[in-house]
Amino acid sequence: MAREREVAEEQAFLDRALTALDHMRDEARSLRDSAAVANMRGAGDLVERDVVMGTALQRLDQLAIGDQPLFFGRIDYVPDELGAADIYHVGRLAVSDDQLNALVVDWRAPVAEAFYRATGVESLGLSRRRHVAIRGHEVTSVEDEYFATADGELALPDDEVRNATEEGLVDGGLALGGPGALLAALGRARTGRMGDIVATIQGEQDQIIRSPLAGVLLVQGGPGTGKTAVALHRAAYLLFTYRASLERQGVLVVGPNPLFLNYIENVLPSLGESGVTLSTISGLVTNVDIRGEEDEEVDQLKGDIRMSTLLARALRTRQRPLRADVQIPVGRAIMVLKVRYTEEVVERARRRPGNHNQRRSAVGRELANRLAQEYHERFIREGNEEVNAVGELADLIRTTTEFKESLQRIWPRLSGQELLHDLFGAPALLRAAGKGLFSDAELELLVRKRSESLEEIEWTKADTALIDEARVLLGPRKRPRPPLKTTESGILDGIDLDAYAGDVRAAALREAQRNAPQQSTELDEAEFVTYGHIVVDEAQDLSPMELRVLKRRDLTGSMTIVGDMGQATTASSSASWNSVLEVLDPRRAPTRVDLTVSYRTPEEVLNFAAPTLLRATPGLEPPRPVRRAGFMPIVETVTPDEFDATLVRAVQREVAAVTPGRVAVIVTARRVPEIITLLGENGVAAVDPRDQESKGLSADLVVLSAEGANGLEFDAVVVVDPGQITSRGSQNPSALTPRGLRTLYVAMTRPTRRLAIVTSAALPETLL
């Protein structure tokens, strides 16, 4: 009876809150409609109309929570001497009635902290914390936690029966907020998209989410600790708390690959924040079509921090005097552009501040003026317009074909792609730039056959960071900007970027790229968009050169760096968090926080995977699990002849066990097509989630490369031939490389319920 009474109590409150939410939406619609029909008498009225319309539309966007629960919790404070107690309902957005009485407080508000932070040791003044489960517009269940008073008493209702939590929690005394709600959330079938954890944020997670904006916050967390969700909720919290500055400066979330971004893209909108930019590192480098792949050895070399010095040296070799005098026709004479002139000008230009393309104008102007002055002294007699005459002659000289060709040899105007293409296609240039910096064998790895045009080049992911570095050295090429366009509705179709300056210009650039991505081709390639806060997930896999790309987008020094060194799987990944911070060079002392509790990954899987982690990264402790799945990992070692049939049966078994959940088969990258074909021929439909024509991660069964599984989660996982995974980076198929072991650790820790392994070869010794 007690539980029915509490459900009815919360249902009545939910009905009241939903009515209030409808009233708030009506007010926002009224504001929008009044702005749409307002009379405009001048430019000021137009600006006011746009501000009001933007505010109304943004408010409607925030209030559109879809089928998400309006609230999920309630906190009751200890009554005062008069018996009055403060009670707050906590939800995904603030709701008040038509009298402006607060009904639901936003989960990010300071008053809501106690909902996430209160423990039996420190109650933060609470007498009760209630978790409310809502489906649609119906309250389905409640879970109450009571806290002791100062006298050590629990203020339990007379008819309250405290049942033990459902099976699934690991013994060990971990302080969990709402264990029943947490288990229920973790036990739900995966959907192929990450959902928010706003209803089940735990104390250690909440502390990270609400950390101050300033400086670098580094979060180390093993599998299942919720580090990705924490990072995204932190972005939402910062936008709520520091909206005045961050809406202008922008927030960037960086993920490891497009598949991962698709997986997390719904989290922030579900929290009412749609103005955040999501991107990969490569996606930040505009106008580069990534179509190629390269050997891991080359990938690792291109990510090396020494490449920044190599590019700077390579550019200096392109700033060179002429080898022979050049004749320039000017009017009635032939002027000579002498080698010694160019030597003097190049030497001075190299000492000038500014980037390469910017200094080119000064080089051309000085050389043309030198020739014009000589011409003037030889042929022009007395006259009042002498100064103007020299200037006109210089302009004439700069238009001649011979002068343009000479200037291009002396100080060429270059793009990042051109510098990189010329460098990698010319072994002599590579040797000149890399002398004493790289070995001959390393330089040989960087050589790439020249293409007929830039469009033919199959740029790789590692190339993008180098192109970005080159663009910084080169600077803008002064490409013409498109004219400002206005549609019939009066909405700007382009942005007059020259009308802005400073952080306002940066904001305009962000809006141009977010609202009209196609416009990025119209912006100068060296126009870098900066952000007031940057969130980086799976940061352990970024190379030093990719970290430099990230640092250039940092406007204020405020960053959240999230990852796990135990899951560093790329060839060029950083060796430690210290090396990451060394490249980022924070403006103030960084703060490091460790997430130590795994909520998603069950105890059976973590225990099975722990020897692999300890072998790969001896100094790193695996996270502590909070739950059991009740299923031990299944290992099937068979002969090659039995492999196909065994794998098909294993996949069918796991799909049946977790339906309607999601299953992933994880293999080495080269075997993804093979396994999809094998399963299909045996009547089991599986997809590569990277295929744009497929359902992606929403498919019931996907086949993933172990290298691309970071950050994802599934109900069940089947790992195929782990020995092939553990030998990554080695020519020896039986080797156990640290990177290969970490990749296997990632693969094995993706499931929330079940893990199976099928192999036709010997198991790695860490699994024996």
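A: The charged end of Arg754 sits over the ring of Phe631, 4.9 Å from the ring centre. A charge counts as sitting over a ring if NZ of Lys or CZ of Arg is within 6 Å of the ring centre and within 35 degrees of the ring normal. Arg370 is placed over the face of Tyr341 in this way, at 3.9 Å from the ring centre.

Before going on, note that this is a predicted model, in which local features need pLDDT of at least 70 and side-chain atom pairs count only at pLDDT 80 or more, while totals for chains, interfaces and linings use all residues. Residues are numbered from 1 along each chain as its sequence is written, and side-chain values use heavy atoms, with hydrogens and water left out.

Now to rings that meet rings. A pair of aromatic rings is described by the distance of the centres and the angle of the planes. Rings of Phe, Tyr and Trp (its six-membered ring) pair if their centres lie within 6.5 Å; planes under 30 degrees apart are called stacked, over 60 edge-to-face, and the rest tilted. The structure has four aromatic pairs. One of them is Phe13 with Phe71, an edge-to-face pair with 5.5 Å between centres and 75 degrees between planes. Phe13 belongs to helix H1 and Phe71 to strand S1 (residues 71-77), so this pair ties together parts that are 58 residues apart in sequence. Helices (H or I, at least four residues) and strands (E, at least two) are DSSP runs, numbered from the N terminus. Both Phe13 and Phe71 are buried; buried means under 20% relative accessible area, exposed over 50%, and partly exposed in between, with a 1.4 Å probe and protein chains only.

Tyr77 and Tyr88 also pair edge-to-face, at 6.2 Å centre to centre and 90 degrees between the planes. Tyr77 is in strand S1 and Tyr88 in strand S2 (residues 87-91), eleven residues apart. With 27% relative accessibility, Tyr88 is partly exposed. Elsewhere, ring pairs join Phe72, Phe115 and Tyr116 into a cluster.

A salt bridge is a side-chain nitrogen of Lys or Arg within 4 Å of a carboxyl oxygen of Asp or Glu, and the structure holds 51 of them. In one, the closest N and O atoms of Glu10 and Arg130 are 2.7 Å apart. Glu10 lies in helix H1 (residues 2-36) and Arg130 in strand S5 (residues 126-135), so the bridge ties together parts 120 residues apart in sequence. Glu10 is buried at 0% relative accessibility, and Arg130 is buried at 1%. Both residues belong to a network of salt bridges that also includes Glu6, Glu9, Arg74, Asp76, Arg128 and Asp144.

Arg16 and Asp97 form another bridge, at 3.7 Å from N to O. Arg16 is in helix H1 and Asp97 in the loop between strand S3 (95-96) and strand S4 (102-106), so parts 81 residues apart in sequence are tied together. Here Arg16 is partly exposed at 46%, whereas Asp97 is buried at 13%.

Glu347 is partly exposed at 38%, and Arg351 is exposed at 58%.
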